[in-house]
Amino acid sequence: MNAGLRITAFAAALAATFGTAYGVGRGIDPVVEDPAPARHASHGETSAKPAEGDGHGGHETTPAGGLQISEGGYTLDLTTSSVAAGERADLSFVIRDSAGRAVTAFRREHEKELHLIVASRDLVTYRHLHPTRATDGTWSIPVELPRAGGYRVFADFTPAKKGAENLTLGADLAASGTYEPRKLPAPNTTAKVSGYEVRLDGALTPGKAGELKLKVSRNGRPVTNLQPYLGAYGHLVALRSGDLAYLHVHPNGEPGDGMTNPGPEVSFTATAPSSGTYRLFLDFKHEGEVRTAEFTVRAGATNEAAPHEEAAGHGH
């Protein structure tokens with residue numbers, strides 16, 4: 001993928017409000033459609049209008065759409081509306097066309113027909129998943145969400161239909177149990193995960209493309225032999241705190257571009273849709289295992305963190 005990848009953000013969805021006990025049943029109401037459309041600019045230009053009143057203390061300088069359940073004639077039909085926290089359960093869904101028919105043909109992108117992101121509303125829990133599709137168009141994958149509360153499910157795909165553009169549709173998922181609110185981790189420039197240390201250089205700038213560089217090391221030594229994962233040396237997702245506006249980019253340079261040794265550093269080009277606080281999740285692969293490094297950054301502000309302010313990542 002060429003350098004200077006642009007990304008599209010998804011605008012505001014109402015944050016879930018929970019009491020001390022977060023009890024849910026199977027009869028949850030359908031997710032309502034958010035007002036503005038969105039798609040990845042990396043797969044096509046968006047005509048979405050800037051969102052108004054996003055509550056981020058400034059206006060959207062980059063077009064941003066809603067976390068929509070329907071867009072462009074396609075709908076995310078999340079057949080699993082709730083799960084029990086801490087218990088393994090099957091998450092299933094169908095992508096439907098404008099006639100309500102299950103879509104069964106998708107374009108493969110980054111080695112998969114569909115990429116699924118599941119994130120908690122407090123941005124503490126994150127999953128990058130790849131479900132399997134049955135012949136009838138039903139997608140499914142086992143999940144185990146560690147804590148009770150509200151989650152957002154993002155399905156990133158491109159229908160195989162001629163002229164179809166990449167879409168990311170979103171729906172709400174609830175994990176039942178006793179809900180205990182957690183604060184967003186403090187801003188950090190270093191994340192530790194499974195013996196690796198990942199250093200973030202650069203900043204998110206509202207309305208302006210900027211470079212983010214992530215350097216991977218282990219035991220104080222740079223990792224110079226990162227492995228391709230889904231056709232790239234790293235995958236980066238950013239979610240805005242408060243409304244879960246969604247950004248997804250890939251590195252500047254991929255294995256197919258003749259980049260055989262990425263070195264310890266992977267760079268991305270990203271544009272924040274507005275000022276605000278974001279969580280960044282970097283997936284990288286080394287020695288056959290995928291790990292995720294996590295960061296908290298502020299767009300429109302210097303992301304300085306004290307030396308002890310580090311965020312732990314997790315493996316898949």
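Me: Let's start with a polar side chain. Which backbone oxygen lies 3.0 Å from a polar atom of the side chain of R291?
Reply: That is the backbone oxygen of H286. One caution as we begin: this is a predicted model. R291 itself lies in strand 22.

Me: Is R291 buried or exposed?
Reply: Buried means under 20% relative accessible area, and R291 is at 7%, so R291 counts as buried.

Me: What is L280 in contact with, leaving aside its neighbours within four places in sequence?
Reply: The list includes L200, L204 and L212, then L236, V237 and A238, and also F295 and V297.

Me: How do I read aromatic pairs?
Reply: A pair of aromatic rings is described by the distance of the centres and the angle of the planes. The count here comes to seven aromatic pairs. For Y74 and F157, the ring centres are 6.5 Å apart and the planes stand at 75 degrees, so the pair is edge-to-face. Y74 belongs to strand 5 (residues 74-78) and F157 to strand 12 (residues 149-157), so the pair ties together parts that are 83 residues apart in sequence. Both Y74 and F157 are buried.

Me: What are the distance and angle for F106 and W139?
Reply: Their ring centres are 5.4 Å apart with the planes at 75 degrees, so this pair is edge-to-face. It links distant parts of the chain: F106 sits in the loop between strand 7 (89-96) and strand 8 (114-120), while W139 is in strand 11 (residues 138-143), 33 residues apart. F106 is buried, with a relative accessible area of 7%, and W139 is buried as well, with 3%. Ring pairs link Y74, F93, F106, W139 and F157 into a cluster.

Me: How do I place W139 in its sheet?
Reply: Five strands form an open sheet in the order 4-5-7-11-10, with antiparallel pairing. Its edge strands are strand 4 (70-71) and strand 10 (132-133), each of which pairs on one side only. Strand 10 pairs with strand 11 over two bridges, in the antiparallel sense, and W139 in strand 11 is the bridge partner of R133.

Me: What about strand 8: how many of its residues are buried?
Reply: Seven of the seven, so strand 8 is largely enclosed by the rest of the structure. To read a strand, check which way its side chains point. L114, L116, V118 and S120 point one way and H115, I117 and A119 the other, and all are buried.

Me: Which strands does strand 8 pair with?
Reply: Seven bridges join strand 8 to strand 12, and the two run antiparallel; H115 has D156 in strand 12 as its bridge partner. Strand 8 also pairs with strand 9 (residues 126-129) over four bridges, again antiparallel, with L129 as the bridge partner of L116. Strand 8 and strand 9 form a hairpin with five residues between them, and L123 in the turn has a positive phi of about 65 degrees.

Me: Last one: how do I read a loop residue such as T80?
Reply: Ask where the residue is and what it touches. T80 is in the loop between strand 5 and strand 6 (82-84), and T80 is buried at 8% relative accessible area. Beyond residues up to four places away in sequence, T80 touches D90, L91, S92 and L173. The side chain of T80 reaches the backbone oxygen of D90 at 3.3 Å. T80 and L173 are 93 residues apart in sequence, yet 7.6 Å apart in space, C-alpha to C-alpha.

Definitions and conventions: Residues numbered from 1 in each chain as written. Predicted model: local features only at pLDDT ≥ 70, side-chain atom pairs only at ≥ 80, totals over all residues. Heavy atoms only, no water. Contact = heavy atoms within 4.5 Å. Phe/Tyr/Trp six-rings, centres within 6.5 Å; stacked < 30°, edge-to-face > 60°. Buried < 20%, exposed > 50% of the residue type's maximum accessible area, 1.4 Å probe, protein only. Pairing = 2+ DSSP bridges. Polar contact = N/O pair within 3.5 Å; in protein donor to acceptor, adjacent residues only side chain to side chain.
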